[in-house]
Amino acid sequence: MSGLRLRDLDDAAFRARYACGRFDATVLTNRFGYILEHFCSKLLACSFSPVLREFYDFAATISGPAEAGWPTPAVSRSFMMFTGTMTESVRNTVVEYGVERLGPGDVIIGNDPYRTGTHVNDLLFIRPVFHDGVLCGFVNLKAHQLDMGGSVPGGFSTTKTSIYENGLVMSPRALMRGGKPVDETWTLIFDNVRFGMLLRRDMQTIIACLDLGERQLLESVVRYGRDAVLGAMRYACDADAERMADALASLPDGDWTGEALLDCDGIDDREEYPVRCTIKKRGARIEVDTSGTARQARTSINGTYLDTKTMVGVALKFLLDPDGPFTSGCYRPVDIVIPDGAILSALPPEGVVFAYGESTNVLMTAIFAALAGPLGARAVAGDTGAPNLHSAQGMRSDGGPWVSIGVAGGENGPWGATSDGDGDSFALFMAANTLAQSIEAAEAETPLAILRQEYVVDSAGPGRHRGGASVQKDSLWLEPATHHLFTLRFKRPSGIGVYGGRDGISGGVWLWPGRGAEALAPPQDKDWCRATPVSGRIDPETLRLDPRAPWAWLGRNKAWQTAAGAAFRYVTNGGGGWGDPMTRDPRVVLRDVADGYVSIEGAARDYGVVVAGDPQLDPEGLRLDEAATQRLRTAARS
């Protein structure tokens with residue numbers, strides 16, 4: 001590619017490079033995104049398992065063939081932690097299977113984390129697209145399957161120590177050939193998984209979605225020609241690469257470091273897992289070096305190099321080019337150094353990969369911390385920091401199994417603040433981009449009742465723009481259950497403050513083993529003395545969160561067994577603040593007090609704002625004492 005920028009190419013040079021004009025390239029680039037959104041919407045509406053229809057735990061891409069360099073010109077607006085892996089995972093799967101073996105109507109699959117990233121439940125489906133017998137590209141969908149066998153129903157556990165506990169691992173193979181099912185592949189899957197009927201329906205729906213994507217991509221090939229479609233794929237990636245290079249060029253050159261912490265693994269509480277990055281920026285290129293990161297963990301909290309690559313891309317997009325598309329081109333000006341055998345690049349058989357989101361989200365916090373200084377006012381504060389999943393399973397009275405994943409823990413939490421405003425308080429962690437599961441659907445399908453879900457006062461990182469507030473969730477389990485918890489980010493705040501803003505709080509988890517006649521009421525203050533600290537810095541006397549308190553280790557029970565009537569409480573980490581809290585508009589602080597984000601005491605302590613009144617009984621009657629506020633802020637500054 002020449003040194004000319006895209007906007008400097010005249011029409012002839014543009015057409016010579018991309019086999020189409022600018023207008024057609026723009027139309028096709030948007031068409032790629034439309035195709036993905038079209039069949040992803042179909043899957044969201046028609047899937048059967050809650051993890052797909054409620055959580056949006058899937059992602060789709062379009063890929064070009066090898067002759068075009070395997071470009072990924074478009075990704076779906078869904079689970080971002082899949083999309084960064086899919087350029088390599090599609091290429092790895094197709095090359096190992098054999099391009100020469102592909103034909104119209106085929107679907108090939110694979111789920112090995114070391115080949116495709118993420119974990120074994122995330123099954124990759126690839127549909128090659130042919131026109132007149134010539135391969136034009138691929139439509140791909142990676143979708144979480146409710147179960148892939150293994151030692152834990154649903155697979156979610158931070159205590160697995162062997163890859164053989166994870167469940168069925170499939171090397172690249174055909175699921176459909178010439179539009180017809182490959183019986184031995186379907187049989188292999190359903191001989192190894194729980195909830196087979198549910199998975200079968202989901203997989204049939206996914207194949208129908210790929211059929212739709214194939215038809216729509218073929219329509220573009222027929223109308224514009226194969227060369228123009230492949231040219232538009234290259235154009236989309238080139239444009240993204242140029243945007244990222246421009247964003248990098250706007251940063252000063254320099255070297256910066258960042259670090260964040262994963263609290264522990266599931267073996268014991270003696271080993272912490274720091275994640276470190278050194279960022280070197282020169283001109284329009286950047287290097288992210290993760291050397292110095294902890295060794296691969298002894299349990300299933302590891303990620304692979306593909307997951308690390310994804311998180312680097314997502315972090316740089318958030319910080320440098322939030323308005324641009326996410327294609328494989330964004331990595332062109334980025335070099336990533338990932339030592340083998342680290343928690344971010346685990347190797348089999350000892351480096352078990354399942355809860356990959358735990359370690360890779362720590363990397364995102366470290367990158368945000370490293371770039372906070374050079375970005376200045378453009379820095380983004382840290383978020384809730386982790387998936388915080390709660391997985392539970394048991395047996396129904398009729399003997400059938402049930403499983404609940406990702407609805408009763410701290411899955412929904414805050415984002416950090418930016419120069420544009422306060423952080424949102426109810427989202428998933430920043431790299432997810434998925435939906436909050438329906439409480440009503442979860443309660444209908446599992447023996448669960450969500451008793452309370454609300455924001456926690458004084459939990460958000462103070463700042464000129466405050467972080468999002470922590471979310472507290474109380475869940476009641478109506479039948480005996482086995483629980484697996486993912487709460488590994490409570491030793492240090494993940495919601496780091498930037499540009500003078502302060503950190504959000506670190507959260508925690510509590511368990512009331514059995515509450516008897518009080519089971520249908522949310523745990524109240526009087527119940528604290530009966531709670532068992534599960535995870536977090538929790539004062540052993542008051543059982544309240546305290547950053548100076550000893551840390552409770554969730555892994556002291558490999559799985560938490562509860563009788564009917566047990567209740568869990570989750571409090572997520574708070575989002576970080578942006579800017580000096582003493583510059584926040586006092587009228588906005590008054591509104592925060594009225595809305596329950598900030599207490600009267602917190603307004604004075606954190607913002608230097610004096611508020612009079614009773615926010616509980618008369619929030620409309622609160623008033624701002626401007627003279628006292630000015631005196632307090634003057635004293636605080638001096």
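Biologist: Which residue in β5 does Asp122 stand opposite?
Modeller: Asp122 stands opposite His144 in β5. Keep in mind that this is a predicted model.

Biologist: How do β4 and β5 pair, and over how many bridges?
Modeller: They run antiparallel, with 10 bridges. Strand β4 covers residues 122–131, and β5 covers 134–144.

Biologist: What about the hairpin of β4 and β5? How many residues lie between the strands?
Modeller: Two. Asp132 takes a positive phi there, near 55°.

Biologist: Which sense does β1 take when it pairs with β5?
Modeller: Antiparallel, over six bridges. Strand β1 spans residues 58–63.

Biologist: And what is the bridge partner of Ala59 in β5?
Modeller: Lys142.

Biologist: Is β5 mostly covered or mostly exposed?
Modeller: Mostly covered. Of its 11 residues, 10 are buried.

Biologist: Switching topic. Where is Glu479?
Modeller: Glu479 is in a loop. The loop runs between β15 (471–477) and β16 (481–485).

Biologist: Why do you call Glu479 partly exposed?
Modeller: Because its relative accessible area is 29%. That class lies between the buried cut-off, under 20%, and the exposed one, over 50%.

Conventions
Residues numbered from 1 in each chain as written. Predicted model: local features only at pLDDT ≥ 70, side-chain atom pairs only at ≥ 80, totals over all residues. Heavy atoms only, no water. Helix = DSSP H or I, 4+ residues; strand = E, 2+ residues; numbered from the N terminus. Buried < 20%, exposed > 50% of the residue type's maximum accessible area, 1.4 Å probe, protein only. Pairing = 2+ DSSP bridges.
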